[in-house]
Amino acid sequence: MQKLVAYCKNRGFVFPGSEIYGGLANTWDYGPLGVELKNNIKKAWWDYFVTRDKNSYGVDCAILMNPRVWEASGHVSSFSDPKMDCRNCKTRHRADNLISEYNNKHGIVMSVDTMTKEEMANYIKEKQIKCPNCGKCDFTEIKNFNLMFQTKRGVTEDASDTIYLRPETCQGEYINFINVQRTMRAKIPFGIGQIGKSFRNEITPGNFVFRTIEFEQMEYQLFCKPGEDEKFFNLYKQKVMDFYKSLGLPAEKLKFKDHEKLAFYAKAATDIIFNFPFGWEELNGIHNRTNYDLTRHQEFSGKNLMYLDPITNEKFIPYIIEFSVGADRLFLTLIANAYTEEKLDDGETRVVLKILPKLAPIKVAVLPLQKNLSEKADEIFKTLQQNFNCDYDESGSIGKRYRRQDEIGTPCCVTIDFDTLEDNCVTVRDRDTMKQERVNVEELINYLKRKIYNK
Ligand code: GAP
């Protein structure tokens with residue numbers, strides 16, 4: 001992980017948040033390459049689940065919502081984690097996370113989800129699980145800690161002015177269910193997708209952008225008829241897994257993990273877990289939330305959230321199948337999977353980011369072999385720029401320039417040499433195979449589109 005964090009910082013993917021002020025723990029800023037990669041990930045998700053599905057609609061809801069939303073959802077009363085403090089160094093920790101990390105390290109397979117506070121405290125004592133900060137095992141009793149960030153609205157500091165930064169995006173999809181259904185004349189089953197920021201006052205954030213206090217979620221809610229929920233739950237489990245494989249994540253690093261302890265309203269819950277450098281952890285959650293959410297919002301808002309089936313005239317509150325992933329967590333997953341150190345025949349090591357070409361932050365690098373070829377190179381660069389995110393680099397040896405592009409995952413390098421002026425052909429070098437091909441400039445855009453987007 002240290003290597004990945006340093007790589008991301010040095011190559012302009014992710015910088016520590018507020019760095020020149022000494023930072024703010026567990027906040028991160030995406031740099032020029034990071035923002036491109038993250039945007040490409042979000043676009044891939046949106047295209048796959050929203051754009052290419054005729055029964056899907058997108059929304060972009062407000063982060064700040066009426067606080068009653070969070071009463072109805074249950075977050076005000078019970079969105080909490082089991083926290084405890086280290087008596088020695090005064091740092092705060094999540095008991096369940098300390099246990100999971102200990103178990104991961106020692107190859108112990110057991111469910112932490114189902115443990116009570118007492119069981120967790122006893123386990124920590126019995127195994128002498130240490131504070132990650134000071135190494136002592138001397139913790140206070142475990143207490144529940146609400147994860148929602150609060151703020152005040154308006155000029156007075158009245159309790160009634162308390163509002164929350166949303167801890168998940170999906171509530172915006174629930175409270176707009178009728179708006180979307182009516183305006184789009186949507187018929188069940190249909191889905192609503194959203195990508196947006198969420199905030200959680202996590203007790204023990206960490207592992208880089210895996211768990212942070214501010215993050216982006218990509219959440220999708222499928223609204224279906226009661227009785228069809230199990231069918232859609234299984235269908236979407238597979239569809240979501242296929243999505244991750246389509247991004248180049250290998251099957252052997254992905255697994256389903258059913259929840260052993262279900263939320264009282266949930267009928268089924270499965271995580272897709274990934275083998276991160278720090279062990280198997282949740283990448284994506286999939287839940288059958290029954291009709292709980294819409295029932296609660298109907299009750300708390302007093303508005304009718306029933307669906308009228310136009311064929312059978314039946315009225316019912318739809319069931320919801322939800323799948324949800326953090327854009328930042330998927331970013332980390334893809335970078336961790338793609339980062340490769342390759343031994344070459346000459347004994348050198350090259351770092352290559354073997355990311356799916358369509359996700360790469362820069363698609364094409366234009367490299368004139370010598371500075372006096374700049375005019376032709378610039379002309380080609382300007383044409384390519386209309387179609388791809390391109391880089392232009394004329395400094396250093398061609399070998400060094402290739403390595404720089406390999407490191408940041410650029411799938412194609414286009415080299416302009418003296419022959420280009422004669423035959424109007426360039427050399428295209430492939431990032432993964434390092435093979436080179438001569439391509440006519442007239443054909444170049446189509447050639448690159450095929451290589452990068454398979455089109
Ligand atoms: N609406 C359901 C929901 O929010 P969740 O399991 O709490 O469920 C869904 O979160 C996904 O959001 C997780 O699988 C993870 O990918 C991402 N996520 C949750 N908390 C996060 C955090 N603190 N930092 C980064 N990503 C997070």
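Me: What is the basis of the model, and how are residues numbered?
Reply: The model is predicted, so local features need pLDDT of at least 70 and side-chain atom pairs count only at pLDDT 80 or more, while totals for chains, interfaces and linings use all residues. Side-chain values use heavy atoms, with hydrogens and water left out, and residues are numbered from 1 along each chain as its sequence is written.

Me: How many helices and strands does the protein have?
Reply: Helices (H or I, at least four residues) and strands (E, at least two) are DSSP runs, numbered from the N terminus. The C-alpha atoms fill a box of roughly 75 × 65 × 50 Å along the principal axes. The secondary structure comes to 15 helices and 23 strands.

Me: What share of the residues in the protein is buried?
Reply: Buried means under 20% relative accessible area, exposed over 50%, and partly exposed in between, with a 1.4 Å probe and protein chains only. The protein exposes about 22300 Å², of which carbon and sulfur atoms supply 48%; accessible areas come from the Shrake-Rupley method with a 1.4 Å probe, and for residues only the protein chains shown count as cover. Of the 455 residues, the buried share is 50%.

Me: Which contacts of the protein are counted as 66%?
Reply: Contact means heavy atoms within 4.5 Å. The reference set is the contacts with a separation of 6 or more, and the 66% comes from residues 24 or more positions apart.

Me: Which residues are the closest to the ligand?
Reply: A residue is near a molecule or strand if one of its heavy atoms lies within 4 Å of it. The ligand is surrounded by 19 residues. The closest are Glu 168, Glu 202, Glu 219, Glu 282 and Leu 283.

Me: How many residues of the shell around the ligand are charged?
Reply: Ala, Val, Leu, Ile, Met, Phe, Trp, Tyr, Cys and Pro count as nonpolar, Asp, Glu, Lys and Arg as charged, and the others, Gly among them, as polar. β10 (214–224), β13 (279–288) and β16 (319–326) each supply at least two residues of this shell. The shell divides into five nonpolar residues, six polar and, for the class asked about, eight charged.

Me: Which residues does Tyr 319 contact, leaving aside its neighbours within four places in sequence?
Reply: Tyr 319 lies in strand β16, and Tyr 319 is buried because its relative accessible area is 17%. The C-alpha atom of Tyr 319 is 8.3 Å from that of Leu 294, 25 residues apart along the chain. The contacts are Leu 222, Phe 223, Cys 224, Pro 226, Asp 229, Lys 267, Asn 288, Thr 290 and Asn 291.

Me: Why do the buried residues of α6 line one face of the helix?
Reply: The buried residues of α6 (residues 117–127) are Met 120, Tyr 123 and Ile 124. They line one face because, seen down the axis of α6, they fall within one arc of 100 degrees, the arc being that of the directions from the helix axis to the C-beta atoms. An α-helix has 3.6 residues a turn, so residues three or four places apart point the same way. The buried residues pack against β4 (80–85) and α5 (95–106), and the face turned away from them carries the exposed Glu 118, Asn 122, Lys 125 and Glu 126.

Me: Which side chain forms a polar contact with that of Thr 410?
Reply: Thr 410 lies in the loop between α13 (398–408) and β21 (412–416) and counts as buried at 1% relative accessibility. A polar contact is a pair of N or O atoms within 3.5 Å; within protein, one must be able to donate a hydrogen and the other to accept it, and residues adjacent in sequence count only if both atoms are side-chain atoms. At 2.6 Å, the partner of Thr 410 is Gln 405.

Me: Is Lys 90 buried or exposed?
Reply: Lys 90 is in the loop between β4 and β5 (92–94) and has a positive phi of about 70 degrees although it is not a glycine. At 66% relative accessibility, Lys 90 counts as exposed.
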